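Reader: I would like a close look at one part of this model. Please take me through the salt bridges.

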Amino acid sequence: MDYTLGGCKNEELAELGELCNQVFRTRRDGDMMREYPLLFDPANVDQLRVARSGGRIVAHVGLCLREVEILGARLLSASVGSVATLPEARGKGIASRLMEDATRHAVERGASLMLISGTRGLYRRLGYVEVGCFQAHSHRSAPRDASAGMQSMMEWTRAGTDDIETLKDLYDSEPVRFHRSADDWQRLLGAGMLMNQTAEVWLLRVAGARAAYAAVQWPMGPGAGENAPLVVMEVAGYRPAITATLPFLSRQYGAEAAVWVAGLHDAAPGALHLDPSDRTEALPFPGTLAMIDEGRFLDCIAPLVERSGTKVRMAAESDGVSITLGTQRQHLSRSEFTALVFGGETEDARAVPELEPELRAQLQLVFPLPLPWPGFNYV
């Protein structure tokens, strides 16, 4: 099969939407273009990389370019989603070629990190890894209620488009996040989709002042049963207030418990006001990721490396990164270095080669770095 690769065209968006719905929406109702407005945006068509054959689109890799902030360091990320190939075009290497095209396209536009909402073999063969340090905190709805005095000061309301500036300000205060414009917020709230489920956003005020928000999936996650917990897939603001009032949100949906995801950058468990009966489970990034430009990535995180006080020196090479400390030198492949930087409790994180004790101790001054949770930026 002969095919060409390139960016989608505005007049092809409807055709592309049909392809993605054919692949991803055969088992449930929905429309991918409506659900993921940041990706399927007419202004983003050149980032929608497609393969054409016989005058029609047969495969797609979608890119959404957004700046990411990690503890003050800024870098451009490429989120990848809606990777789809028509059944008759599969098994011909088109998806691999299209991923290579998408990576090249993202690097040309300044991206250094690629985040993929999937773990399929295609990504693993291309060197993407499953890493990242997140924690899923499970809370029972009782007896974790806030005190009567605290409850009298707290007010949860469903957020709407009139609350965009408030939601944006709360999210912008997060030390690890995507850069999300007011226009992004407008479209995301209009779509009503949080990662892979429909969603609602609740805004918390304490004594009349905005304090936090919690975005919940409704229905409560894939395959949710009668006793399924409330799933909170994005939060911003004052964490102890969120923890104290999660039982209230659980009861709004008839749930007996709530689960919410915290990042490596979040406060220590004691500061989150977790109860000894609450359970915490380690989670990786929900997908796979890789550095696609190690040199640019190292330039972006240079302030974090300098601030850590580590004495190691890191330099990009054609096939990975070299790390030196005095006379010690360690070379890591791209996948190994990605796993070192973002850590986690995964096979990929554990597969990083053993380092000399002094070198390992110096690297631990700066790594692992926190990753942003996809939340509304999931594609």
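Author: A salt bridge here is a side-chain nitrogen of Lys or Arg within 4 Å of a carboxyl oxygen of Asp or Glu. The model is predicted, so local features need pLDDT of at least 70, side-chain atom pairs count only at pLDDT 80 or more, and totals for chains, interfaces and linings use all residues. Residues are numbered from 1 along each chain as its sequence is written, and side-chain values use heavy atoms, with hydrogens and water left out.

By the salt-bridge rule, the count is 28. Take glutamate 234 and arginine 180. Their side chains form a salt bridge at 2.9 Å, N to O. Glutamate 234 sits in strand β12 (residues 230-237), and arginine 180 in the loop between β8 (176-178) and α7 (182-191), so the pair ties together parts 54 residues apart in sequence. Helices (H or I, at least four residues) and strands (E, at least two) are DSSP runs, numbered from the N terminus.

Glutamate 234 is buried, at 7% relative accessible area. Arginine 180 is buried too, at 2%. Buried means under 20% relative accessible area, exposed over 50%, and partly exposed in between (1.4 Å probe, protein chains only).

Now helix α7 itself. Arginine 187 and aspartate 184 are three residues apart there, about one helical turn. Their side chains meet in a salt bridge at 3.2 Å, N to O. Arginine 187 is partly exposed at 22%, while aspartate 184 is buried at 3%.

Next, arginine 74 and glutamate 69. They pair at 3.3 Å, N to O. Arginine 74 is partly exposed at 46%; glutamate 69 is buried at 14%.
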